[in-house]
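Me: I have a structure open and would like to learn how to read it. Could we go through some features one at a time?

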Amino acid sequence: MTIDGPKVLLVEDEREIRRFLRVALENHGYRLSEAVTAKEALLQAATQQPDLMILDLGLPDLDGAEVLRQVRTWSKMPILVLTARGQEQHKVQTLDAGADDYLTKPFSVEELLARMRVALRHAAQLTVPSGAAVFELDTLRVDLARRQVFVSGREVHLTPIEFRLLTTMIKYAGRVVTHRQLLKEVWGPDAVLETHYLRVYMAQLRRKIETDPAQPRLLLTEPAVGYRLAAP
């Protein structure tokens, strides 16, 4: 398992399926967290900010479709529904509610992994304003599809949170992003008042991508408002 592989939130109340998928996904480099109930799923989606959610619809406390609807009010992360409900009506309703894909049980691991890769690639491409897979600005080059960052041709390692913060700034390149908006998109709606998160992670990110972190040219501060990534 790679320590910085994509983070997946598995929402599933069947222990055997969780155990099976835990082994399969971790063997393919994914970092896995698990939720058994809708309440746990919503809490982890907001606080852990996974890269992708695998969602069962038949949860013990609330229908998974409601989890999907609530997450979609604030997050665009890929959500792959994995369920025993195979009727076409359920599939159409779930996709219309915001699911990125729909897979019925029983399923093959190979097909699940392939659909996960597609969903993650699509999500990465959506973060780039031009629709391209690579963003370039001055000495900075970000390959979103491969989740790689280069400064002056040298690859720089970012933590998952730092990478998410950077790609959020890229999405709004040239525009001011408020503290509240950044906190909501990077850490979730429960963190909109935790401005110290931004100070800490923005400082870390500047140390890694700026030529002179004390006088940043890429990640600019808009006093009392937020931050702005210089326009390409």
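Reply: Start with a definition: two strands pair if DSSP finds at least two bridges between them. Keep in mind that this is a predicted model.

Me: Which residue of β12 is the bridge partner of Val176?

Reply: In general, strands of a sheet pair through backbone hydrogen bonds, either parallel or antiparallel. Here Val176 has Arg228 in β12 as its bridge partner. Between β10 and β12 (residues 226-229) there are 3 bridges, and the two strands run antiparallel.

Me: What is the order of the strands in the open sheet?

Reply: The order is β10-β12-β11, an open sheet of 3 strands with antiparallel pairing. β10 (176-178) and β11 (219-222) are at the edges with a single partner strand each, so one side of each has no neighbour in the sheet. From one strand to the next, the twist averages 30°.

Me: Which strands does α7 touch where it packs on the sheet?

Reply: α7 touches β10 and β12, and its direction makes about 75° with that of β10. α8 packs on the sheet as well, touching β11 and β12, with its direction at about 145° to that of β11.

Me: Next, the aromatic rings. How many aromatic pairs are there?

Reply: A pair of aromatic rings is described by the distance of the centres and the angle of the planes. The count here is 3 aromatic pairs. One of them is Trp187 with Tyr197, a tilted pair at 5.5 Å centre to centre with 45° between the planes. Trp187 belongs to helix α7 (residues 179-187) and Tyr197 to helix α8 (residues 195-209), so this pair ties together parts that are 10 residues apart in sequence. Ring pairs also join Trp187, Tyr197 and Tyr201 into a cluster.

Me: Is Trp187 buried or exposed?

Reply: The cut-off for buried is under 20% relative accessible area. Trp187 has 9% relative accessibility, so this residue counts as buried. Tyr197, with a relative accessible area of 29%, is partly exposed.

Me: Which residues of helix α2 are buried?

Reply: An α-helix has 3.6 residues a turn, so residues three or four places apart point the same way. In helix α2 (residues 38-48), the buried residues are Ala38, Ala41, Gln44, Ala45 and Ala46.

Me: What covers the buried residues of α2?

Reply: Among the elements that cover them are β1 (7-11), β2 (31-35), β3 (52-55), α3 (64-72) and α7.

Me: And which residue follows α2?

Reply: Gln49 follows α2, and its phi is positive, near 50°.

Methods. Residues are numbered from 1 along each chain as its sequence is written. This is a predicted model: local features need pLDDT of at least 70, side-chain atom pairs count only at pLDDT 80 or more; totals for chains, interfaces and linings use all residues. Side-chain values use heavy atoms; hydrogens and water are left out. Rings of Phe, Tyr and Trp (its six-membered ring) pair if their centres lie within 6.5 Å; planes under 30 degrees apart count as stacked, over 60 as edge-to-face and the rest as tilted. Helices (H or I, at least four residues) and strands (E, at least two) are DSSP runs, numbered from the N terminus. Buried means under 20% relative accessible area, exposed over 50%, partly exposed in between (1.4 Å probe, protein chains only). Contact means heavy atoms within 4.5 Å. Axes are lines fitted to C-alpha atoms, for helices over the stretch in contact, and angles run from 0 to 180 degrees between N-to-C directions.
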